[in-house]
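Work through these exercises with the sequence and the model in view. Try each task before you read its solution.

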Amino acid sequence: MDHVRHTDGVLLDTLLAPFELENFTPGVDTSKIMVNSREVTRPSFQLTGYFEGFTYQRILVIGNVEYNYILKMGEPRRREIFEKMFSYDIPCLIYCAGHKPDESTIKMAQANNVPLYGTEEATSPFIGRVITDLGEYFAPCTTVHGVLVDIYGEGLLIMGESGIGKSEAALELIRRGHRLVADDVVEVRRITEKSLVGSSPPLTKYFMEVRGIGIIDVKTLFGVESIMEKTGIDMVIKLEEWNKETEFDRLGLKDEYTNFLGLDVVCQSVPVRPGRNLAVILEAAAANHRQKKMGYNAAVELVNRAELNAKKED
């Protein structure tokens, strides 16, 4: 595993690209504007003229309350407030719920190189989406060697020595209708205190190396339904060479774990041997893990039945 990386900022254009916002200030160059905070602010005290402690590093959002308050301002007061606000190096100001800035505000923003955007989306859902994306960009990140696939909604990280068959197993899973997230290099981010999300580095996204064939483009060969941009990491499968001297878990009564970024993830070792259908085994592992999360453990159920039968015989 590589060292943990922390992002100090994200380009504004990169962050806002998925939101399809209306740009009210197309003349402002946003190509180098960085967002250095994972929080979003709705200016309230600032609209009254109080700027002490102003967290100007954050994206600012105007909602219904702020917009209605602005409408009640006289023109001189509105110009005074926005001139003061735009004198700070804020990343951008976004109007939600279909609201739009007036011409004088747009001119002031352009003069101060402050981007103004608009969206029809309601304020709270929009802020939630932005904060979620910011959380991913600013989350601690590391990279691991493996293959990440989504099976029945479970994010399965397949690990093991190079050449053991990780990509080949993933290829069969894709053929069976499951989805590839990343091959060879997986970027792991700790989004919350209890969740990890895995994705592919941009350079290798949706590409896979199959020994003897070379590089294939999964998206092109199998279609968009065969790929996924990111998924939570719910379980780790470590593929190991079959060795009759090695004891592998046969019941699964006690979970084993591996740790990424300080968070434990369920980990199972699966022996690799000629004739074993790894894709079917991995499907079963993912389905079984999902069933455990829903409260049913087949191994525990078997032990309970055995104990019950033993009592009956006594």
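**Exercise 1. Charges**

How far apart are the mean positions of the positive and negative charges of the protein chain?

Solution. Start with the ground rules. This is a predicted model, in which local features need pLDDT of at least 70, side-chain atom pairs count only at pLDDT 80 or more, and totals for chains, interfaces and linings use all residues. Residues are numbered from 1 along each chain as its sequence is written, and side-chain values use heavy atoms, with hydrogens and water left out.

Lys and Arg are positive, Asp and Glu are negative, and His and the chain ends are not counted. Each charge is placed at NZ of Lys, CZ of Arg, CG of Asp or CD of Glu. The chain has 36 positive and 46 negative charges. Their mean positions lie 3 Å apart.

**Exercise 2. Overall form**

Describe the build of the chain and compare its spread with the globule rule.

Solution. Begin with the elements: the protein chain has nine helices and 17 strands. These are DSSP runs, numbered from the N terminus (helices: H or I, at least four residues; strands: E, at least two). The radius of gyration is 26 Å, well over the 20 Å that the globule rule gives for 314 residues, so the chain is more spread out than a compact globule. The radius is taken over C-alpha atoms, and the rule is 2.2 Å times the number of residues to the power 0.38. Along its principal axes, the C-alpha trace spans about 90 × 55 × 35 Å.

Now look at burial. Of the 314 residues, 44% are buried. Buried means under 20% relative accessible area, exposed over 50%, and partly exposed in between (1.4 Å probe, protein chains only).

**Exercise 3. The faces of H2**

Which residues of helix H2 are buried, and which exposed residues does the face turned away from them carry?

Solution. H2 covers residues 64-71, and its buried residues are Glu-66, Tyr-67 and Ile-70. Seen down the helix axis, they fall within an arc of 100°, so they line one face of H2. That arc is taken from the directions from the helix axis to the C-beta atoms. The face turned away carries the exposed residues Val-65 and Leu-71. Finally, find the partners: the buried residues of H2 pack against strand S5 (59-62), helix H3 (75-86) and strand S6 (93-95).

**Exercise 4. Positive phi**

Where are Glu-20 and Asp-184 found, and what is the phi of each?

Solution. Recall the background: most residues other than glycine have a negative phi. Glu-20, not a glycine, has a positive phi of about 50°. Glu-20 is found in the loop between helix H1 (12-16) and strand S2 (22-23). Asp-184, not a glycine either, has a positive phi of about 80°. Asp-184 is found in strand S10 (residues 179-192).

Conventions:
Contact = heavy atoms within 4.5 Å.
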